[in-house]
Amino acid sequence: MNYKYIENGIIIYIGESNRIPTGGVEITPEEKAQLEAVIASKPADTLESVYRLSESGQYVAFTRTHE
């Protein structure tokens, strides 16, 4: 079974297992392949922004905080 784990609207990881872990959402092999293709084309993080994969399957920029 393929799954994705989502936390606060962000896909934390995708995987394959005999059992879906607690909090995981089952996905089709096609959806997993699409997510892997999107992950392979992740925009480069910058000093101002980091990019996270949203639940919708698109990257979203988050502003970095510098201390």
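**Surface, strand pairing and selected residues of the predicted chain**

The model is a predicted one, in which local features need pLDDT of at least 70 and side-chain atom pairs count only at pLDDT 80 or more, whereas totals for chains, interfaces and linings use all residues. Residues are numbered from 1 along each chain as its sequence is written, and side-chain values use heavy atoms, with hydrogens and water left out.

Along its principal axes, the C-alpha trace spans about 40 × 25 × 15 Å. Of the 67 residues, 21% count as buried, where buried denotes under 20% relative accessible area, exposed over 50%, and partly exposed the range in between (1.4 Å probe, protein chains only). Among contacts with a sequence separation of 6 or more, 24% are accounted for by residues 24 or more positions apart, a contact being defined by heavy atoms within 4.5 Å. The mean positions of the 6 positive and 10 negative charges lie 3 Å apart; Lys and Arg count as positive and Asp and Glu as negative, without His or the chain ends, and each charge is placed at NZ of Lys, CZ of Arg, CG of Asp or CD of Glu.

Strand β1 (residues 2-7) and strand β2 (residues 10-16) pair in the antiparallel sense over six bridges, with pairing assigned if DSSP finds at least two bridges between two strands. Within this pairing, Ile6 has Ile11 of β2 as its bridge partner. The two strands form a hairpin with two residues between them, and Asn8, which lies in the loop between β1 and β2, has a positive phi of about 55 degrees although it is not a glycine. Most residues other than glycine have a negative phi. With a relative accessible area of 77%, Asn8 is exposed. Strand β1 is also joined by four bridges to strand β3 (residues 24-27), again in an antiparallel arrangement, and here Tyr5 stands opposite Gly24.

Lys4, in strand β1, counts as buried because its relative accessible area is 9%. The side chain of Lys4 makes a polar contact with that of Glu31 at 3.0 Å; such a contact is a pair of N or O atoms within 3.5 Å, of which, within protein, one must be able to donate a hydrogen and the other to accept it, while residues adjacent in sequence count only if both atoms are side-chain atoms. When residues up to four places away in sequence are not counted, Lys4 touches Ile11, Tyr13, Ile14, Gly24, Val25, Ile27, Glu31, Leu35 and Glu55.

Helix α1 (residues 29-40) contains Lys32, which is likewise buried, at 15% relative accessibility. Excluding residues up to four places away in sequence, Lys32 touches Asn2, Ile14, Gly15, Glu16 and Ile27. Glu36, also placed in helix α1, is partly exposed, with a relative accessible area of 40%. Glu36 and Ile14 are 22 residues apart in sequence, and their C-alpha atoms are 8.5 Å apart in space.
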